[in-house]
Amino acid sequence: MSSYLVTFLVSETFRVIASDTTFNPPIRVIGRSNTAGLGNHALQLTVGMTKFFDEYFQIPYSTLHANLSNDHIASPDWASAGTENWGMVSYRELHLIVDPRETIMSVEHYTTTLVSHELTHKWFGNLVTCYWWSNTWINEGFASYFGYIAAHQVFPQYALDEHFNSRYLQGSLSFDSGVSTVPLNYDVNTPAQVTGHFGTVSYSKGAAFLRMLAD
């Protein structure tokens, strides 16, 4: 396991708010106790995407590593929208906790692509990790590509295939036309340079490039 994938959760208030024990390992959504009853949508997404990737990659989640968990944790304060820790994905709570009575459709769309994105990382990023941060686009490009394409296959009602161009292709073309654009691969060494590599080129251009090659 790559060291950047290590994470620990220490809490007195978190609990399992939704789970599917028919899987091995069980799929669990974990959140604050006051979010009980609001994890079913995230569970549905996670179950659907886990099944899809098991079949698509022909490498079932259960075989990735011995004693691996499939936990998805909603944190009230998280720096990223989601982080693909090994066995436990950490999400910003507002992206994972969905109330069907109140959550607007655009948030549901984003939650769907986010869960798919982070689960893709279990194979692209966790099982197979880039040699160095210079190749971040391979991790993030594949995850962004499958975030939309795979999610559309499992949840066609969201028409996410039609959102890909506006979200990734047009955004990457716009960024690439500016003087601040960078190549997909370039040398990064300092922590600041590594952080800066997590941007439009790695996510959007990487995804658009992979879609060009998909067929």
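Student: In which helix is H41 found?

Tutor: This is a predicted model, where local features need pLDDT of at least 70, side-chain atom pairs count only at pLDDT 80 or more, and totals for chains, interfaces and linings use all residues. Residues are numbered from 1 along each chain as its sequence is written, and side-chain values use heavy atoms, with hydrogens and water left out. Helices (H or I, at least four residues) and strands (E, at least two) are DSSP runs, numbered from the N terminus. The run of residues 40-57 holds H41, and that run is helix α1.

Student: Is H41 buried or exposed?

Tutor: Buried means under 20% relative accessible area, exposed over 50%, partly exposed in between (1.4 Å probe, protein chains only). H41 has 13% relative accessibility, so H41 counts as buried.

Student: Leaving aside neighbours within four places in sequence, which residues is H41 in contact with?

Tutor: Contact means heavy atoms within 4.5 Å. With neighbours within four places in sequence set aside, the partners of H41 are V98, E108 and Y158.

Student: Where does R15 lie, and is R15 buried or partly exposed?

Tutor: R15 sits in strand β1, residues 14-20. Its relative accessible area is 43%, so R15 is partly exposed.

Student: How far apart in space are R15 and G31, C-alpha to C-alpha?

Tutor: R15 is in contact with G31, and also with V29, I30, S33 and A36, leaving aside neighbours within four places in sequence. R15 and G31 are 16 residues apart in sequence. Their C-alpha atoms are separated by 5.7 Å.

Student: In which sense do β1 and β2 pair, and over how many bridges?

Tutor: Two strands pair if DSSP finds at least two bridges between them. β1 and β2 (residues 27-32) form a hairpin with 6 residues between them. A18 has V29 of β2 as its bridge partner. The pairing is antiparallel, over 6 bridges.

Student: What is the radius of gyration of the protein chain?

Tutor: The protein chain has 7 helices and 5 strands. The radius is taken over C-alpha atoms, and the globule rule is 2.2 Å times the number of residues to the power 0.38. For 215 residues that rule gives 17 Å, and the chain is close to it, so the chain is as compact as a globular protein of that length, with a radius of gyration of 17 Å.

Student: What share of the protein chain's residues count as buried?

Tutor: The C-alpha atoms fill a box of roughly 50 × 35 × 35 Å, taken along the principal axes. Of the 215 residues, the buried share is 46%.
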